Amino acid sequence: MNAATATHTRCLVAGGGPAGMMTGYLLARAGIGVTVLEKHADFLRDFRGDTIHPSTMDDLAELGLLEAFLQLPHQEIRYAELEIGGERIRAADFGRLSTRCKFIAFIPQWDFLNFMAGRAKAFPTFKLMMETEAIDVIREGERVAGLVARSPSGRQTLTADLVIAADGRHSTLRQAAGLEVRDLGAPMDVLWFRLPRGPQERGAVLGRFRAGGALIMLDRGDYWQCALIIRKGTADTVRAQGLDAFRDRVAHFVGAAAAQGIASLDDVKLLTVTVDRLETWHRPGLLCIGDAAHAMSPVGGVGINLAIQDAIAAANLLVGPLRRGIPTEDDLRKVQVRRGFPTRATQTFQTIVQNRIVDPVLGSSQEPKLPWLARFVQRYLPVLQGIPAWIVGVGFRPEHVDLAVIDGLAADRR
Ligand SMILES: Cc1cc2nc3c(=O)[nH]c(=O)nc-3n(C[C@H](O)[C@H](O)[C@H](O)COP(=O)(O)OP(=O)(O)OC[C@H]3O[C@@H](n4cnc5c(N)ncnc54)[C@H](O)[C@@H]3O)c2cc1C
């Protein structure tokens, strides 16, 4: 492919998820020419994770976007509860955080992505190409110098000074660039469906642990969004057993009457759980961020927050080099150095929960018992409910937008 005849952009971002849209917004705000490619025609998906976390809302406040964001229809989740062996405890209390917003905002992710896209389009250097899929990288010697993309109007070659792969956990680009993936494994998959919610039922996020499985229920106003945790690789068997058997499984957690709310197995979607990370997030000319660099487990529901924090770190660190010219591989390495620790720490927390809590429950025919420590904390030390709230709501090494860099006040000094 002849890169010389291609359309040139300063930065190409593959993937219009949380990582890609936040990167696109920040670079455009910094005056850097940026094009985001999204392979789908819109942001609607069966499931994208619908949480915006307190640390992300702090970042939105720093950008002056929080007030407008909170105008979007959303639910504010102030605590999470667990029911283990019939006993209920408050596991995380977001009210104890020191962030501006002491809650998790539940909002359809397409609303958030449309919001960010709308704000980004206000900047003249921003371009969003929907229905455009990155299918390969192009190289100039060792350096990734752009992308080959496919859209309804055909194939095109796009060159750039920097390519950012934010194309999610099945990243085409990390594979095309030959980056090595370390698989951390997961004992479970998730079946995702809705149950009607009675007007008297209450509960923000509720995890129910019973013999042989767990059900996470997210209060979405007029329905419960449910995630049934099953042993990895058993979804086909569960489906083959039919609707009545599935309702019986769910009835184990919510009772037979509520389980009748599942009308068809067609309404039950499989979400395959993957936890992995790249050994190296970059090649000359290419940087991976978000799930493309580290696919996150659903444990704690923190993947979107990490993806957005990666985008902020990448913009803080790369706007200066992009203003000066082509970022070096050392510039890209600094992003991995900055975000490697929070990624490893979060994945370690997730794999401990997966292996020590989820796996034994999935393999047991005995009702799990509430650990005495959890009961003790609930009764005597509720202040400690702030720790899980912090891990989920803020996370390790939260990022702040470097406005001096992004808005250019310090551009000349860097
Ligand atoms: C079962 C499950 C439940 C989860 N629940 C939560 C939760 O409640 N809260 C939470 O924070 N996290 C949750 N996560 C994790 C979260 O979904 C991810 O970590 C997060 O979405 C990653 O954001 P991203 O922008 O890196 O990637 P993605 O959200 O995957 O976005 C990638 C985007 O790139 C597009 N794309 C892909 N390939 C290409 C290509 N070649 N060219 C152009 N575009 C492309 C995709 O269409 C997509 O829009 C969950 C994960 C799982 C598996």
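In the predicted model, Leu147 is in contact with a set of residues beyond its neighbours within four places in sequence: Leu12, Ala14, Leu37, Ala134, Asp136, Val137, Ile138, Gln156, Thr157, Leu158, Val163 and Leu173. Leu147 also belongs to the largest nonpolar core, which has 75 residues. Within this core, Leu147 is listed among the residues with the most contacts, together with Met21, Met22, Leu26, Phe69 and Met116. Helix H9, spanning residues 303–324, gives the most to the core, with 10 residues. Another core lies apart from the largest one and has 33 residues, including Ala80, Trp192, Ala227 and Ala374. In soluble globular proteins, nonpolar side chains tend to be buried together.

Charged pairs were examined next. Side chains of opposite charge can pair when their charged atoms come close. A search of the whole structure finds 20 salt bridges. One of them joins Glu133 and Arg150, with 3.2 Å between the closest N and O atoms. This pair links distant parts of the chain, since Glu133 lies in strand S9 (residues 133–140) and Arg150 in strand S10 (residues 143–151), 17 residues apart. Glu133 has a relative accessibility of 24% and therefore counts as partly exposed. Arg150, at 41%, also counts as partly exposed.

A second salt bridge is formed by Arg231 and Asp359, whose closest N and O atoms are 2.5 Å apart. Here too, distant parts of the chain are linked: Arg231 is in strand S16 (residues 223–231) and Asp359 is in helix H10 (residues 329–362), with the two residues 128 residues apart. Both partners fall in the partly exposed class, as the relative accessibility is 31% for Arg231 and 28% for Asp359. Salt bridges that share partners also occur, joining Glu81, Glu83, Arg88, Arg208 and Arg210 into one network.

A further salt bridge brings together the side chains of Glu76 and Arg78, with an N to O distance of 2.7 Å. Glu76 is partly exposed because its relative accessibility is 37%, and the value of 39% for Arg78 likewise makes that residue partly exposed.

Note on methods: Residues numbered from 1 in each chain as written. Predicted model: local features only at pLDDT ≥ 70, side-chain atom pairs only at ≥ 80, totals over all residues. Heavy atoms only, no water. Salt bridge = Lys/Arg side-chain N within 4 Å of Asp/Glu carboxyl O. Buried < 20%, exposed > 50% of the residue type's maximum accessible area, 1.4 Å probe, protein only. Helix = DSSP H or I, 4+ residues; strand = E, 2+ residues; numbered from the N terminus. Core = buried A, V, L, I, M, F, W, Y, C linked by side-chain atoms within 4.5 Å. Contact = heavy atoms within 4.5 Å.
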